[in-house]
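Trainee: I have a new structure on my screen and would like to learn how to read it. Could we go through it together, feature by feature?

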Amino acid sequence: MNYQIIAVDFDGTLCFSNWPELGEPNIPLIEYLKTQQRIGNKLILWTCRAGDALERAILWCKDHGLLFDAVNDNLPEIVELYGNNSRKITCDWYIDDRAMLPGEVKGA
């Protein structure tokens, strides 16, 4: 593969929201992701939202110019490559408001 896969969270990351409501867009992140997609990288929306809340989030993203290559799922080419669809998303980068870097864990 000559592209990177970026998985991004919705609430508190793309959208400054109080679940299940929708909030203000994180414009710098949205512009960054659109740039990444323009240069050929793939985007996965990786969120705990489901059902109507997920559909509203997908439409919100579309209204802000973000279209995803997958939603809460691996890319089809990854499933084909590994011969299964793991519950863990295969990606090069996770962007999430709850993320920690390994060095940030005290006592580790």
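Trainee: Let's start with burial: what percentage of the residues in the protein chain is buried?

Mentor: This is a predicted model, and in it 33% of the 108 residues in the protein chain are buried. As for the surface, the chain exposes about 7000 Å², with carbon and sulfur atoms supplying 55% of that area.

Trainee: Next, the core. Which residues have the most contacts inside the largest nonpolar core?

Mentor: The general idea is that in soluble globular proteins, nonpolar side chains tend to be buried together. Here the largest nonpolar core has 16 residues, and those with the most contacts inside it are Phe10, Leu14, Leu33, Trp60, Cys61, Leu66 and Phe68. Strand S1 (5-8), helix H1 (27-38), strand S4 (42-45) and helix H2 (51-63) each give two or more residues to this core. H2 gives the most, with four residues.

Trainee: What is phenylalanine 10 in contact with?

Mentor: Leaving aside neighbours within four places in sequence, phenylalanine 10 is in contact with Cys15, Ser17, Leu22, Leu45, Trp46, Thr47, Arg49, Ala57, Trp60 and Cys61. Apart from the 16-residue core lies another core, of nine residues, including Tyr3, Ile5, Leu75 and Ile89.

Trainee: Now the backbone. Which peptide bond is cis, and which residue has a positive phi although it is not a glycine?

Mentor: As background, most residues other than glycine have a negative phi, and most peptide bonds are trans. In this model the peptide bond from tryptophan 19 to proline 20 is cis, with omega near 5 degrees. Asparagine 72 has a positive phi of about 50 degrees.

Trainee: Where is tryptophan 19, and is it buried or exposed?

Mentor: Tryptophan 19 sits in the loop between S2 and S3. With a relative accessible area of 54%, tryptophan 19 is exposed, because the cut-off for that word is over 50%. Beyond its neighbours within four places in sequence, tryptophan 19 is in contact with Asp11, Arg49 and Ala53. The C-alpha atoms of tryptophan 19 and alanine 53 are 8.6 Å apart, though 34 residues separate them along the chain.

Trainee: And what surrounds asparagine 72?

Mentor: Asparagine 72 is in the loop between strand S5 (70-71) and helix H3 (76-82). At 27% relative accessibility, asparagine 72 counts as partly exposed. Not counting residues up to four places away in sequence, asparagine 72 touches Ile44, Leu45, Trp46, Thr47, Arg49, Leu54 and Ile89. One of these, tryptophan 46, is 26 residues away along the chain, yet the two C-alpha atoms are separated by 4.9 Å.

Trainee: Are loop residues like threonine 13 buried or exposed?

Mentor: You have to look at each one. Threonine 13 lies in the loop between S1 and S2, and threonine 13 is buried, with a relative accessible area of 5%. Leaving out residues up to four places away, threonine 13 touches Val8, Asn26, Leu29, Ile95, Asp96 and Asp97.

Trainee: Where is arginine 98, and is it buried or exposed?

Mentor: Arginine 98 is in the segment after strand S6 (93-95), and at 73% relative accessibility arginine 98 counts as exposed. The C-alpha atoms of arginine 98 and valine 79 are separated by 26 Å, with the two residues 19 apart along the chain.

Definitions and conventions: Residues numbered from 1 in each chain as written. Predicted model: local features only at pLDDT ≥ 70, side-chain atom pairs only at ≥ 80, totals over all residues. Heavy atoms only, no water. Buried < 20%, exposed > 50% of the residue type's maximum accessible area, 1.4 Å probe, protein only. Areas by Shrake-Rupley, 256 points an atom, 1.4 Å probe, with all protein chains shown as cover. Core = buried A, V, L, I, M, F, W, Y, C linked by side-chain atoms within 4.5 Å. Contact = heavy atoms within 4.5 Å.
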